[in-house]
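The following explanation leads through selected local features of the structure shown below.

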Amino acid sequence: MSLGKVRHNQKGGTFISNRYQTLYEQAKKLFRHNRQGSFKTKERYFEAYCRFLKFVGENYGVQKLSNLSGRHLSAYIAQMQEKGLAASTIKTDLAAIRFWHDKIPGARYEVPGNDEFQLERRSFGGVNRTWSETEFVKLLDLCQERKHYEYLGCAKMARYAGLRIHECMRLDTAAARLALRSGIITVKGKGGKVREIPINKKVKTTLKNALHHTPQGQKLFVPEGKDTHIAIRELQNFISVHREEIRDPDSTSPLTFHGLRHTCAAEWYKSLIRQGFSDNHARLQVSKWLGHERLDVTRIYLAGVEKGDSHDA
């Protein structure tokens, strides 16, 4: 069986990376020895699997396919959702990952089924995913009532600093203290891209409160002894379970954790417009704070904002 198509993509730079080359070489062996499925299915599944391996290599440094686990898959799903991929596309890629994972000799972990993840029916591009202030307050009250203070902190960091869920969970005491001193929070996002975000009083208060309850060197919003990917999943499940009691009666927003990032983006944009920035300049600045620096992606985040909107968020 030929690897011509996949090899072309790698030479083109889509997949190739020194960090992930070892994983790719192991995957090639699986591809060559597999006799299951049609040629087109195997080739399409292999390309999807390589995308997953590239993500793992860049973000985790795993060197053996046998060490891949549910936490890697959970983080990859979050990245695909952030890119705005449809649920059907994500499920197809998951099928590909499971197809090849089942071929790994001596795999240490089983890959969780789709029901273990929050795979929503997503429709991006023109859909307003922002939270209203009333919905956000309901979420905070619910977190407070159930004593999920780590959820409360994450929600505020997404809402007021535009952080992704895994970026919230990675924050530790050192990062928080540096942010409070400088007035800027430094975030390492997907693909290892580092960005700096100016923080407001609400973010500073959130960080101070978290520091008060977090031992030195620990993550701010992950309980001690708990794996980060489990903490992420539990927060996503919490919002999913309580979504209908939080949602405004007339709202059509999907109300996901990632929607808080959309809410922050909309507020940033409106603030910049009020300060006199042009529409294009405002959108470019928002894209930089979001960690994309692409206006086409920023349009997704600002789907509920009219061009040049100067009203209060």
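**Loops, rings and a charged patch**

Lysine 147 is placed in the loop between α6 (133-145) and α7 (149-161), where helices are DSSP runs of H or I with at least four residues, numbered from the N terminus. The model is predicted: local features require pLDDT of at least 70 and side-chain atom pairs pLDDT 80 or more, while totals for chains, interfaces and linings use all residues. Residues are numbered from 1 along each chain as its sequence is written, and side-chain values use heavy atoms, without hydrogens and water.

Most residues other than glycine have a negative phi. Lysine 147, however, has a positive phi near 60°, and its relative accessibility of 59% makes it exposed (over 50%; buried is under 20%, partly exposed in between; 1.4 Å probe, protein chains only). Leucine 255, in the loop between α11 and α12 (257-274), also has a positive phi, of about 50°, but leucine 255 is buried at 1%.

Rings of Phe, Tyr and Trp (its six-membered ring) pair if their centres lie within 6.5 Å; planes under 30 degrees apart are stacked, over 60 edge-to-face, and the rest tilted. By this rule there are 14 aromatic pairs. One of them joins phenylalanine 55 and tyrosine 60 edge-to-face, at 6.3 Å centre to centre and 65° between the planes. Phenylalanine 55 is buried at 7%, whereas tyrosine 60 is partly exposed at 29%. Ring pairs also link Tyr20, Tyr24, Phe31, Tyr45, Phe46, Phe99 and Trp100 into a cluster.

Technical notes. Helices (H or I, at least four residues) and strands (E, at least two) are DSSP runs, numbered from the N terminus.
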